Amino acid sequence: RVWSAKSAWFSAPLVVKRHALTRRQLDQRAKQMSTDDFRRVSWYAWAQSSSHIFQMPSLDVVMSNEEHRECVCTVLGLPSPAAAPILDAVIPSNQTQYQLTVDAYGWSLTNCGGWDGDNRRKLAHDEFESVVNDALTSAGVRTWTKAKTKERLARGLPAGPGMDHYTSEPSNGNLLKAIMPDIIIGLNDDDVIGDAHGPGDLWTDVKTLGKKRTYVRVGDTKGHAVRTRQGEVHTEYVNERAAKADRTFYRDNPLQPFKHMVEGLPRIRGLVVGMFSEFSKDLHDLLKFAATKTAETWAAVNHLPAEEALQSCTWALKRRWSLT
């Protein structure tokens with residue numbers, strides 16, 4: 001036993017060095033591949049949250065054997081089992097500017113679209129938004145979504161014809177969806193999410209990532225796809241979405257109420273999850289906040305320190321979100 005303990009103590013640093021060497025070798029191999037090589041893409045997208053697909057199943061995440069196999073192959077950058085029987089088949093689309101065929105990795109199936117009724121991305125987006133919001137509300141955090149978001153935004157807008165027009169529009173209509181964030185989080189006095197401090201509202205927008213152009217870039221580092229998409233969210237709200245809302249509802253108001261409201265808020269968070277289950281930093285920060293709140297709720301019920309539950313709550317949330 002003494003010898004085994006000493007062997008483990010001496011070998012542990014060697015294992016760490018060997019793993020570091022292997023990572024460097026794999027990184028060098030990936031850099032030599034073409035930027036659109038799916039193996040290279042999966043290597044640079046890999047994150048800790050991606051590893052949850054290899055862990056034991058649980059009741060809160062249910063998938064078929066075929067779905068699980070497809071997820072594992074995607075994360076590892078292996079050919080898609082689902083795409084194999086239909087390899088090189090033409091993908092139907094009403095977009096006439098280009099024609100896609102099924103590739104070995106199934107990436108063209110992820111990037112295709114344009115036909116009536118193709119709502120795969122919307123379904124994925126809405127499901128992830130619901131899971132995140134449920135985690136927050138279950139932990140006692142105030143949130144506003146959908147129709148409640150419309151009412152929350154109205155508090156910051158001036159009265160008049162513009163407000164009348166705004167309130168007359170349905171919350172699920174195209175005009176309001178263009179300006180409303182997915183989840184508004186009500187921060188209490190002591191709440192902190194990343195560099196956002198309460199009290200006040202924090203706007204968040206869910207983004208699911210799978211487009212090829214966001215992953216195929218030269219000279220980027222690990223996590224560049226979700227990191228880049230996160231950085232675009234706030235600018236889009238200020239320069240595009242708020243500006244469009246002002247033109248729609250307050251065309252004759254030089255104060256630009258929507259843009260003024262957005263610029264007075266903390267940076268809008270981009271809750272980005274990629275096709276390899278990688279998370280943006282904003283999503284990591286929110287997960288940490290939700291797990292802390294969940295642990296505090298558990299501690300209050302069980303009369304135990306919240307620290308004892310934090311690790312378990314963090315693991316459970318990360319697993320649930322990464323496999324949604």
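**Pockets, sheet and local details**

Guide: About 940 Å³ of space lies in the second largest pocket. This is a predicted model, in which local features need pLDDT of at least 70 and side-chain atom pairs count only at pLDDT 80 or more, while totals for chains, interfaces and linings use all residues. Residues are numbered from 1 along each chain as its sequence is written, and side-chain values use heavy atoms, with hydrogens and water left out.

Visitor: What counts as a pocket, and how is a volume defined?

Guide: The search uses a 1 Å grid over the protein atoms alone; a pocket is an open set of points with protein on both sides within 12 Å along at least five of seven lines, whereas a cavity is a set of points where a 1.4 Å probe fits but cannot get out. Lining residues have an atom within 4 Å of a point. Grid points are joined across faces, edges and corners, and a volume is the space filled by probe spheres set on the points.

Visitor: Which residues lie nearest the centre of the second largest pocket?

Guide: They are His125, Lys177, Asp182, Val206 and Lys207, out of 26 lining residues. By class, the lining divides into 15 charged, 6 polar and 5 nonpolar residues. Here Ala, Val, Leu, Ile, Met, Phe, Trp, Tyr, Cys and Pro count as nonpolar, Asp, Glu, Lys and Arg as charged, and the others, Gly among them, as polar.

Visitor: Which element gives the most to that lining?

Guide: Helix H5 does, with 5 residues. At least two residues each come from H5, helix H6 (147-154), strand E5 (200-208), helix H9 (212-215) and helix H10 (224-249). Helices (H or I, at least four residues) and strands (E, at least two) are DSSP runs, numbered from the N terminus.

Visitor: What is the volume of the largest pocket?

Guide: The largest pocket has a volume of about 1500 Å³. Its lining comprises 44 residues, and Cys71, Thr110, Ala124, Met275 and Thr324 are the closest to its centre. Two or more lining residues come from each of helix H3 (65-76), helix H4 (107-111), helix H5 (120-138) and helix H13 (307-322). The class totals for this lining are 21 nonpolar, 15 polar and 8 charged.

Visitor: And how many cavities of 30 Å³ or more are there?

Guide: There are 3. The second largest cavity has a volume of about 40 Å³, and its lining consists of Leu175, Ala178, Arg241, Lys244, Ala245 and Thr248. H10 gives the most to this lining, with 4 residues.

Visitor: Changing topic, what is the strand order in the open sheet?

Guide: The order of its 4 strands is E1-E2-E5-E6, with mixed pairing; two strands pair if DSSP finds at least two bridges between them. Strand E1 (142-144) and strand E6 (269-273) stand at the edges with a single partner strand each, so one side of each has no neighbour in the sheet. E5 and E6 pair in the parallel sense over 5 bridges.

Visitor: Which strands does H5 touch?

Guide: H5 packs on the sheet and touches E1, strand E2 (183-187), E5 and E6, where contact means heavy atoms within 4.5 Å. The direction of H5 makes about 145 degrees with that of E5. H10 lies across E5 and E6, at about 120 degrees to E5. Axes are lines fitted to C-alpha atoms, for helices over the stretch in contact, and angles run from 0 to 180 degrees between N-to-C directions.

Visitor: How do H6 and H7 cross?

Guide: The axes of H6 and helix H7 (residues 161-168) come within 11 Å and cross at roughly 170 degrees. The two helices are therefore roughly antiparallel, a term for angles over 145 degrees. The contact is made by Thr149, Lys150, Leu153 and Ala154 of H6 with Met163, Tyr166 and Thr167 of H7.

Visitor: Now the backbone. Which peptide bond is cis?

Guide: The bond from Gly198 to Pro199 is cis, with omega near 5 degrees. Pro199 lies in the loop between strand E4 (196-197) and E5. Another backbone detail concerns Asp88, in the loop between H3 and H4: its phi is near 70 degrees, a positive value in a residue other than glycine. Most residues other than glycine have a negative phi, and most peptide bonds are trans.

Visitor: Finally, where is Asp27 found?

Guide: Asp27 is in helix H1 (residues 2-31). Leaving aside neighbours within four places in sequence, Asp27 is in contact with Trp43 and Tyr44.

Note on methods:
Parallel < 35°, antiparallel > 145°, perpendicular 65-115°, else oblique.
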